[in-house]
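Please keep the sequence and the coordinates at hand while reading.

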Amino acid sequence: MSAQHHAVPEPVGGPLLNKVTFIAGTLVAIMAAILLYRFIFGLGAVTNLSDGYPWGIWIVVDVMIGSAFACGGFSVAMLVYIFNKGEYHPLVRPALLASLLGYTLAGAGVIFDLGRWWNVWNMYWPWSVNPNSVMFEVAICITLYIVVMWIEFAPVFLEKLGLKDMKRKLNKFLFIVIALGTLLPMMHQSSLGTLWVVLGTQVHPLWQTPLIPALFLLSAIIMGYAVVLFESCIASSAYRRSIEVSLLNPMARIMLGVVAAYLAVRLGDVIFRGVIGRSFALSLEGLMFWLEMACFIAPFFLIGREVQRRNPARLFVAGILLMLGGSLLRLNGFLIGYDTGAGFSYFPSLSEILVTAGMFATEVFVYVIVTRRFPVLPREAPAH
Amino acid sequence: MSSRRDFLKGALAATGAMVGAGSTVVQARDTYTRPPEAMGLLYDATLCVGCKACMAACKEANNNPPEFNTVDHLWDTPLDTTGYTFNIIKMYRNGTMDTKDAEVNGYAFMKTSCMHCADPSCVSACPVSAMTKNPENGIVEYNADKCIGCRYCVAACPFGIPKYQYDDPLGRIGKCELCRHRHKDGNYSACAEVCPTGATLFGRSEDLLAEAKRRLALKPGTVTKFPRGRLRPATERMLQGKEDGKGQKNRHGWRDEPDQTYEGSVGKYVQHVYGEKEYGGTQVLKLSGVTFEKVGMPNLPPYSSAATSETIQHTLYGGLLMPIAVLGALTWVAKRNVKPDDDDAGKPGDKS
């Protein structure tokens with residue numbers, strides 16, 4: 001079991017107030033002010049939403065894309081515990097922390113956007129729920145998953161607090177939690193795509209397909225790995241730590257395998273449904289389709305070969321491209337390729353953008369504080 | 001090489017959710033059709049004179065405020081349906097606008113309001129059953145006390161009908177409910193009640209469909225009878241004036257009123273009853289002299305997207321069979337792979 005002798009997680013230490021936390025904290029404060037205004041004066045007072053575009057970036061970016069970015073925990077945990085790749089274990093905790101934050105914020109983001117948020121309990125009220133609704137399934141799964149992730153992450157806090165007994169007890173049934181933590185994101189990440197099936201012909205045929213749940217699931221897994229690449233590089237440079245290239249290189253290879261599967265389904269689908277021709281039309285949709293595809297194809301040229309994958313810069317760029325590709329798929333279906341008829345247009349207001357920025361800033365803020373004070377990142381080898 | 005075998009097992013378990021769809025029972029959900037006693041409207045654009053009496057009556061019946069789009073703020077001038085405007089008459093203009101109901105160099109009117117679909121996307125989309133379809137009369141009803149304001153119904157509707165009140169921190173969804181709040185007093189949809197030409201007619205969708213087809217079969221320019229207000233079924237017409245006193249509710253529950261049928265000439269129709277088959281049919285039906293797509297009625301398939309969406313959901317989650325099976329497989333694999341070394345026994349660095 002030599003593979004299991006990996007670095008033990010340890011707090012990074014260092015000051016909590018620094019340039020990064022200061023900027024992030026400021027953005028969080030601005031977001032709080034805008035949200036206060038929104039709850040007093042209504043959605044129309046701060047957003048550019050309309051009945052033609054009832055969902056803006058708070059839903060599509062903060063929730064749809066934000067939760068897909070938060071799939072790192074799911075993707076890595078699946079690799080370690082389901083595919084029994086124990087060597088990736090050091091990546092689990094940092095990825096899980098980012099996921100935990102991402103999902104908790106996505107859940108909060110939904111509340112900011114709900115026009116009648118005080119009625120939200122109906123989502124969990126057996127006499128109100130509509131099991132036929134895709135959104136109902138998404139909401140239940142995400143809620144459960146947030147709870148599951150807090151339990152999955154609990155050992156970190158228990159370690160810090162020295163509650164070894166409780167941690168040992170938790171470990172006994174952790175495998176159930178891990179299984180649930182793999183199943184739930186599979187369910188809701190695919191369903192986030194199914195959400196637009198009922199929109200019918202309003203969604204451009206390049207995106208409106210019954211295979212959309214499979215595409216969303218595969219791309220969420222890809223984005224999960226891509227985020228781990230991205231985060232590992234950022235954390236290493238910010239904390240001046242060595243990059244875990246020995247882990248990231250083979251993980252990137254697995255990721256490319258999933259990308260290949262995604263591309264096969266994506267291209268096969270548009271060709272089989274006979275709509276590929278629409279992508280060659282000189283239109284915004286056609287352009288966006290190929291931009292989206294390019295983001296998924298380019299990584300094969302960037303990190304296709306073993307030598308290339310040893311280069312952290314290449315891993316970093318490939319990670320960003322795949323995050324962008326998955327984001328474009330979501331953005332294209334829900335906003336750019338969505339057409340309710342003439343007379344409507346949407347571009348987010350400054351307030352909407354600042355709230356979205358504040359959401360990501362919250363994530364950075366909490367991530368820095370937790371990794372500095374709790375055992376999340378693998379301990380640096382003393383040889384350095 | 002046990003790790004390779006485990007990897008394969010894991011791969012099988014993990015992809016179960018995707019490929020398993022084919023192996024379990026696929027519960028395809030057919031597109032629903034109109035309930036037998038479905039109520040609706042028939043809008044005949046060739047009879048509409050664009051007086052907008054229906055818009056004013058709708059505002060009054062639903063207690064909605066006027067909306068201003070002119071500088072003087074004198075008249076209710078909505079440009080589209082909104083959270084406060086559930087019914088609007090829009091105008092089609094082409095070229096010299098010489099002839100009514102002509103596509104070229106003509107003009108025409110079109111009513112926009114809830115179609116009360118047989119298989120509504122908004123009802124399928126709504127996570128909290130705030131949007132429901134009445135099982136008897138098929139009216140798509142809204143309940144603000146349940147609504148969470150997620151606006152999935154707004155996004156889902158192919159006609160762009162449910163609208164949200166963005167200007168109000170307590171905003172609700174606004175849409176036509178066929179004046180169901182007036183039914184208990186024997187009153188029907190206000191728009192049909194006030195329509196001077198019978199362009200908007202209230203009645204059972206089945207009767208309205210028969211009336212629409214009768215008109216399509218007539219020769220343009222010939223003279224025929226056009227009912228106004230509420231379309232009475234043939235059985236009721238025979239009993240007219242025999243059992244109902246004036247102003248009383250008749251045996252069908254509607255307030256009795258004098259027959260306002262009049263004679264007029266048949267318009268030049270496009271041979272299509274809009275709403276007969278679209279999305280499995282709608283309870284509001286439309287006739288027009290101009291191609292429907294040009295007057296803002298989308299070209300829709302005969303099957304509903306609610307059926308497609310629910311087929312996918314029921315296939316993956318029907319009876320929770322597949323999730324439970326996948327969870328079982330995942331639990332089994334995870335139990336073998338979660339190593340005891342995850343325990344911190346003997347690890348240094350705990351007492352920070």
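Two residues are taken to be in contact if their C-beta atoms, placed from the backbone, lie within 7 Å. The model discussed here is a predicted one. With that cut-off, and not counting residues up to four places away in sequence, Ser265(B) touches Gly221(B), Thr222(B) and Val223(B). Ser265(B) belongs to strand S11 of chain B, which covers residues 262-265, and Thr222(B), although 43 residues apart from Ser265(B) along the chain, has its C-alpha atom separated from that of Ser265(B) by 5.4 Å.

Chain B has 352 residues, of which 45% are buried, and its secondary structure comes to 10 helices and 12 strands. Among the contacts in chain B with a separation of 6 or more, 67% are accounted for by residues 24 or more positions apart.

Leaving aside neighbours within four places in sequence, Ser304(B) is in contact with Thr31(B), Asp119(B), Ser121(B), Tyr279(B) and Gly280(B). Ser304(B) and Asp30(B) are 274 residues apart in sequence, and their C-alpha atoms are 8.6 Å apart in space. Ser304(B) has 27 C-beta neighbours inside 10 Å and therefore counts as buried.

Two further residues of chain B deserve a look for their backbone angles. Asn63(B) is not a glycine, yet its phi is positive, at about 55 degrees; Leu178(B), also a residue other than glycine, has a positive phi near 55 degrees. Asn63(B) is placed in the loop between helix H2 (53-61) and strand S2 (88-93) of chain B, while Leu178(B) is placed in the loop between strand S8 (173-174) and helix H5 (180-183) of that chain. Are these residues buried or exposed? Asn63(B) has 8 C-beta neighbours inside 10 Å and so counts as exposed, whereas Leu178(B) has 28 such neighbours and so counts as buried.

In general, two packed helices are described by the angle between their axes and the distance between the axes.

| Helix pair | Angle between axes | Distance between axes |
|---|---|---|
| H3(A) and H8(A) (residues 212-238) | about 100 degrees | 7 Å |
| H3(A) and H4(A) (residues 89-113) | roughly 150 degrees | within 7 Å |

H3(A) and H8(A) pack at about 100 degrees and are therefore roughly perpendicular to each other. H3(A) contributes Gly72(A), Phe74(A), Ser75(A) and Val76(A) to this contact, and H8(A) contributes Ile221(A), Gly224(A), Tyr225(A), Val227(A), Val228(A) and Glu231(A). By class, the contact of H3(A) with H8(A) has six nonpolar, three polar and one charged residues.

The axes of H3(A) and H4(A) cross at roughly 150 degrees, which makes H3(A) roughly antiparallel to H4(A). The crossing of H3(A) with H4(A) is left-handed. Here Gly72(A), Gly73(A), Phe74(A), Val76(A), Ala77(A) and Val80(A) of H3(A) meet His89(A), Leu91(A), Val92(A), Ala95(A), Leu96(A), Ala98(A), Ser99(A) and Leu100(A) of H4(A). The residues of this contact divide into 10 nonpolar, four polar and no charged.

**The nonpolar core and the contact between the chains**

The largest nonpolar core holds 219 residues, and the members that touch the most others are Ile222(A), Met223(A), Ala226(A), Leu229(A) and Cys153(B). H8(A) gives the most to this core, with 18 residues. Ala226(A) is in contact with Met255(A), Gly319(A), Leu322(A) and Met323(A), when its neighbours within four places in sequence are left aside.

The contact between the chains takes 66 residues from chain B and 69 residues from chain A. On the side of chain B that touches chain A, helix H1 (2-23), helix H3 (121-125), helix H4 (152-156), strand S7 (163-164), helix H9 (305-317) and helix H10 (321-337) each supply at least two residues. The residues of that side divide into 33 nonpolar, 16 polar and 17 charged.

Note on methods
Residues are numbered from 1 along each chain as its sequence is written. Chains are lettered from A and ligands numbered from 1 in the order in which they are written. This is a predicted model: local features need pLDDT of at least 70, side-chain atom pairs count only at pLDDT 80 or more; totals for chains, interfaces and linings use all residues. Axes are lines fitted to C-alpha atoms, for helices over the stretch in contact, and angles run from 0 to 180 degrees between N-to-C directions. Helices (H or I, at least four residues) and strands (E, at least two) are DSSP runs, numbered from the N terminus. Angles under 35 degrees count as roughly parallel, over 145 as roughly antiparallel, 65 to 115 as roughly perpendicular and the rest as oblique. Ala, Val, Leu, Ile, Met, Phe, Trp, Tyr, Cys and Pro count as nonpolar, Asp, Glu, Lys and Arg as charged, and the others, Gly among them, as polar. A crossing is left-handed if the near helix is turned anticlockwise from the far one by less than a right angle, and right-handed if clockwise. A nonpolar core is a set of buried Ala, Val, Leu, Ile, Met, Phe, Trp, Tyr and Cys residues joined through C-beta atoms within 7 Å. A residue is buried if 20 or more other C-beta atoms lie within 10 Å of its own, exposed if 12 or fewer, and partly exposed in between; C-beta atoms are placed from the backbone.
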